Amino acid sequence: MSFPHGQDPLDGLGPGAQEHTRNGQDGHEDSAEDEPTYPLRGKRRVKVVLAERRGARRILRPMAQLEGQDTPIAESVVKELVRRQLKIAIALAGLVLGLYAGLPVLFVMVPEIGEAVIFGIRLPWLLVGGLAYPFMVAVGMVYNRAVERNEAKFANQYTGMVED
Amino acid sequence: MVQNNWALGGVILAMALTIGVGVYGGRRSKTTPDFLVAGRTIKPHANAAAIAGEYLSAASFLGVAGLVFTKGATGLWYPFGYAGGYLALLLFVAAPLRRSGAYTVPDFAEARLSSLGLRRLCTAVVVLLGWWYLVPQFQSAGLTLSTFTGVPAWLGGLAVAITVTINVVGGGMRAITLVQAFQYYLKLFALAFPAFVLFFVFLGDNRADYRSLSEPLPPAFARETTVDVKTAVRLQVSQPVSLKARGSIDGAPVDGGAIWAAGTVKSVDKGTQLIFPAGAPVPSVTTAAADNASWLRPMSGGWPQVLEIWSLMFATFFGTMGLPHVLVRFYTNPDGSSARTTTLYVLVLVGGFYLFSLIFAGLSRLYVPELLVTGQDNAAVLLLPSAMLNNWFGQLLAALTAAGAFAAFLSTSSGLLVSVAGVLSTDVLPGRVRDFRLATIFGSLVPIVCALLFPNLGAAQSVGLALCLAASTFCPLLILGIWYRGLTPFGATMGILTGGGVVLASTTYVLATTSTSGWVNSLVAQPGMISVPLSFLSMWFFSKLSYRSVPKDVAQVMLRMHAPDRLGFTKDRDVQQFGNKAQPPVDVSKRTSTTLTGWASRRQRK
C-alpha cells in the first residue's frame, strides 16, 4: 500500500488517515519504506507512520495478556510455532547439505557418474556449477512459503484465542 | 605501458564513482538510526544488491574463477559453499534476527539474554573480526594495484581505506547501502560483459592453436612463453617437457636448456625465469589439477579431497551467518518477512554472479596457462581479456575487470567499517552521530596502520581464519539464541570463549610454526570442524549448568522473534535508544502500547 504521506495533520487529515488504514489489512510491510519527510519552515510536510499504530491497536489485548501474566496456553502456542518453523528449516537444510555433501562421495565411489555428459556438459559441472543455484533459490522459496503459512496460522490462532 | 594506464584509469574511475554515489546516498543521513541501520527503510531488492555487493569480495571476484581454473570440477564446491551460507542464513537467522529489533550483534545478545557483560564480549569480538578482515582487504588491494599498474603497494591500501572512510563518515549505513548496491552491478557488469565478449572471441578463434579441454592431457602453451616465477613454487610435471631456464631449480643453479621427466616434482625458486616453447605441456603447481582429465572430473584427489570439501561446506554454511558485516545489513530491512525476501534475492544475485566466473575459469585454462606455473590463479580474471584480445578493446576489458576488482575491495571494506563503527559508537561511545563518525575514523585507522606495518601477514589464510572465528562465536550465539529457550548468559559467554579461544590458539600456532604438512597441521589451519561443534556444545552444556539464570522474559522475546510481523511485537531498539529525529512523533497520544515503553524511556532521558 502506498500511503499518502506529506499530509498536514493540522488540516485534520491526520485522523482521517487513521480511519482509512483501519479498513485495510495488508500493506503493512510497505508503509515503513516511505522516505521520511522533514518538517520544513513554511511548508510543513510531516510523515505519518501508520503501520506501527495499526499493529499496536490490533494487538493491544494480546500484548497485555502475554506480557503481563504468563498464560500457559499462549505460551504453548508460541512454543509450537517455534518448533514447527525449526523443523522446516532443519529439513530443508538437511536436504541441501545431504545432497551436496553426498555428491563428492558418489563421485569418488562411482567415477563413471562424474564423467557422464548431459546436454554437452559434464554432469558434475551441470549439477554443482549450474543447477545448484536455482535449486537453492527454489528451496528458499519453498521455505518462505511454508513459514509464512505457519505464521498466518499462528496469527489466526493467537487472535482467536485472545478475543475469546 | 599502455595496459597499466588503462587499468589505472579503471581503478580511479571506480573510486571516483564510489565516492560520488556515497555522497549522493548519504546526503539525507541525519540521525543515529540513519547511520546505524539506514532508518530501517531499505527495500528488499536494493538491500539484496547491497548485501551481494558487500559479500562478493575480491575472494569472489578474482578468487572463484582462480579456484575453478586450478582445481577444476572440485573447485565448483567453493562458490556453491559461498552462496549456500545465505541459504543457511535464510533458514535459521534472517527473520527472527530482524524481529528481535536489535541494531548490532552485541545488541542482539543483550536483547535476548539481558546481560551487559555478554554484550561487551560481543562488542570485542565484532571489532576483532572486523579488523581481522579489514587488514587483508587493504593489503590485497595494494598488492593487486601494484601488480597491474605499478603503483606502490602501500598506496593502493591507503586509497581504499581513505575512500571507504570518506563514505562511511559522510553518510553511514544510508550511504553505504547505495554504494554497495551500485558496486554489485558494477562488478556484475565488469565480469559479465567481458565474459560474453571473450566467449564469442573463443567461438570465432582458430581452435587448432589450443588444446581442447576434453583431451586428457595437461594444457599446452599456444606460443613460446616466458614465465617469471615471483614466489617459490613446487611444480608437478605430468608430461615430459623441454624448456630453457635461468635461476635456481631444486636448489641448484641452472642456466640453459633442461628436460623435465614426467611424474617429477620440481621446486622452482623465486626469481627464476622459465621459457617454454610453443606446444609444450604446462607443468602446474601441486595444488592444481595436473591435466585436463582430472580438471574436468570432480574429486580426482580421492577421499582427502572429499574431506576438504566437507570442511569447506561446514565453514561457509556456518561462517557466513556469523559475519558481523553481513548481519548488520539484515537490521536495515523494514521487517522480518522482507528480511527473508532480501536473502532470497541475495541467493539469486550471488549465484548468477558465480556463473560468469566459471566462463572465465574455463577460458583461462586455454589462454593463460602460464598462471598454472606461477600459481597466481587470482590474476586470471585480470589477465585473460588482454591475453585473448591483443588490441585496444582487450585493454578496455582488462581495465573494466580491474575496476570491478577494486570495487570488490571497496564494497567489502566499507561494509566491515560500518559494522565496526556501529558497534564502537554505540557500545564504547554514547551513540550520537558525531560518535559514529569518530568511531569510523578510529575503526579504519587501526587496520590500515596494521596493514602498512606488517605487509607480510598471510592475507589469504587470515580471511579463512576470520570466517572460522565468526562460525565459532556468533553462529552458535545466533542459532541457539533464536531457537533454544534454555540459553543463559553464562552459557553463551562460555561458548564464545571456547570457540573463539580454540580459533585464536590455532592462529597463534599457525603464525609460530613453519611446517605446513601433515593432517594435524591442516586441521589446525582450518579448525572450524572442531571449534564450531565445540562452541555449540559448551554453550548448551554451560546453559544447562546455569539453568536458573535463564532470562525471565524469554517467553516474550521468543514471541517477538517468531511472531508474524503484522502482530506488531517488534520493538526497534535503536529508535528506543537514540530516538529518530527525522520522524517527529506526529501525535503522541497515538503511540500505543507497543512503543509505550520506548517512548517513556525517551521522555525520561529528556
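For the complex, the predictor gives an ipTM of 0.82 and a pTM of 0.79.

Chain A has 164 residues, of which 27% are buried. Its secondary structure consists of seven helices and two strands, and along the sequence these elements follow the pattern α-α-α-α-α-α-β-β-α. Where contacts in chain A link residues at least 6 apart in sequence, 67% of them join residues at least 24 apart.

The mean pLDDT of chain A is 67, and 51% of its residues reach 70 or more. The lowest confidence in chain A falls in helix H1 (residues 13–23), with a mean of 39, whereas the highest falls in helix H5 (residues 72–109), at 85. Over residues 1–33 of chain A the pLDDT is below 50, although the model gives this stretch 54 contacts beyond near neighbours in sequence. A further stretch, residues 53–69 of chain A, also stays under 50; for these residues the model has 33 contacts beyond four places in sequence. Where pLDDT is low, the predicted coordinates should not be read in detail.

Chain B has 606 residues, and 60% of them count as buried. The chain holds 25 helices and seven strands. Of the contacts in chain B between residues at least 6 apart in sequence, 81% join residues at least 24 apart. The mean pLDDT of chain B is 78, and 86% of its residues reach 70 or more. Over residues 581–606 of chain B, however, the pLDDT is below 50, and this stretch has 42 contacts beyond near neighbours in sequence.

Within chain B, one may begin with the loop between helix H8 (105–113) and helix H9 (116–149), where B:Ser114 lies. B:Ser114 is not a glycine, yet it has a positive phi of about 35 degrees. This serine is partly exposed, with 15 other C-beta atoms within 10 Å. Helix H9 of chain B has 34 residues and reaches 49 Å from its first C-alpha to its last, close to the 50 Å expected at 1.5 Å a residue. Of these 34 residues, 25 are buried, so H9(B) is largely enclosed by the rest of the structure. Just after H9(B) comes B:Gly150, which takes a positive phi of about 80 degrees.

With 17 residues, H12(B) reaches 24 Å from its first C-alpha to its last, close to the 24 Å expected at 1.5 Å a residue. Its buried residues include B:Val306, B:Ile309 and B:Met313, and the run from B:Phe314 through B:Ala315, B:Thr316, B:Phe317 and B:Phe318 to B:Gly319 is buried as well.

The account now turns to a pair of packed helices. Two packed helices are described by the angle between their axes and the distance between the axes. The axes of helix H6 (residues 77–92) and helix H14 (residues 336–367) of chain B come within 9 Å and cross at roughly 175 degrees. An angle over 145 degrees counts as roughly antiparallel, and H6(B) and H14(B) are therefore roughly antiparallel to each other. On the side of H6(B), the residues that meet H14(B) are B:Pro79, B:Ala83, B:Tyr86, B:Leu87, B:Leu89 and B:Leu90. Among their partners in H14(B) are B:Arg340, B:Leu344, B:Leu347, B:Val350 and B:Tyr354. The residues of this contact divide into eleven nonpolar, three polar and one charged.

Helix H14 of chain B also contains B:Gly362, which is partly exposed, with 18 other C-beta atoms within 10 Å. The C-alpha atoms of B:Gly362 and B:Thr70 are separated by 9.7 Å, while the two residues lie 292 residues apart along the chain.

B:Leu371 lies in helix H15 (residues 370–374) of chain B. With 26 C-beta neighbours inside 10 Å, B:Leu371 counts as buried. Leaving aside neighbours within four places in sequence, B:Leu371 is in contact with B:Ser364, B:Gln376, B:Asp377, B:Ala379 and B:Ala380.

How values were computed
Residues are numbered from 1 along each chain as its sequence is written. Chains are lettered from A and ligands numbered from 1 in the order in which they are written. This is a predicted model: local features need pLDDT of at least 70, side-chain atom pairs count only at pLDDT 80 or more; totals for chains, interfaces and linings use all residues. Helices (H or I, at least four residues) and strands (E, at least two) are DSSP runs, numbered from the N terminus. A residue is buried if 20 or more other C-beta atoms lie within 10 Å of its own, exposed if 12 or fewer, and partly exposed in between; C-beta atoms are placed from the backbone. Two residues are in contact if their C-beta atoms, placed from the backbone, lie within 7 Å. pLDDT is the predictor's confidence in each residue, from 0 to 100. Axes are lines fitted to C-alpha atoms, for helices over the stretch in contact, and angles run from 0 to 180 degrees between N-to-C directions. Angles under 35 degrees count as roughly parallel, over 145 as roughly antiparallel, 65 to 115 as roughly perpendicular and the rest as oblique. Ala, Val, Leu, Ile, Met, Phe, Trp, Tyr, Cys and Pro count as nonpolar, Asp, Glu, Lys and Arg as charged, and the others, Gly among them, as polar. The expected span of a helix is 1.5 Å times one less than its number of residues.
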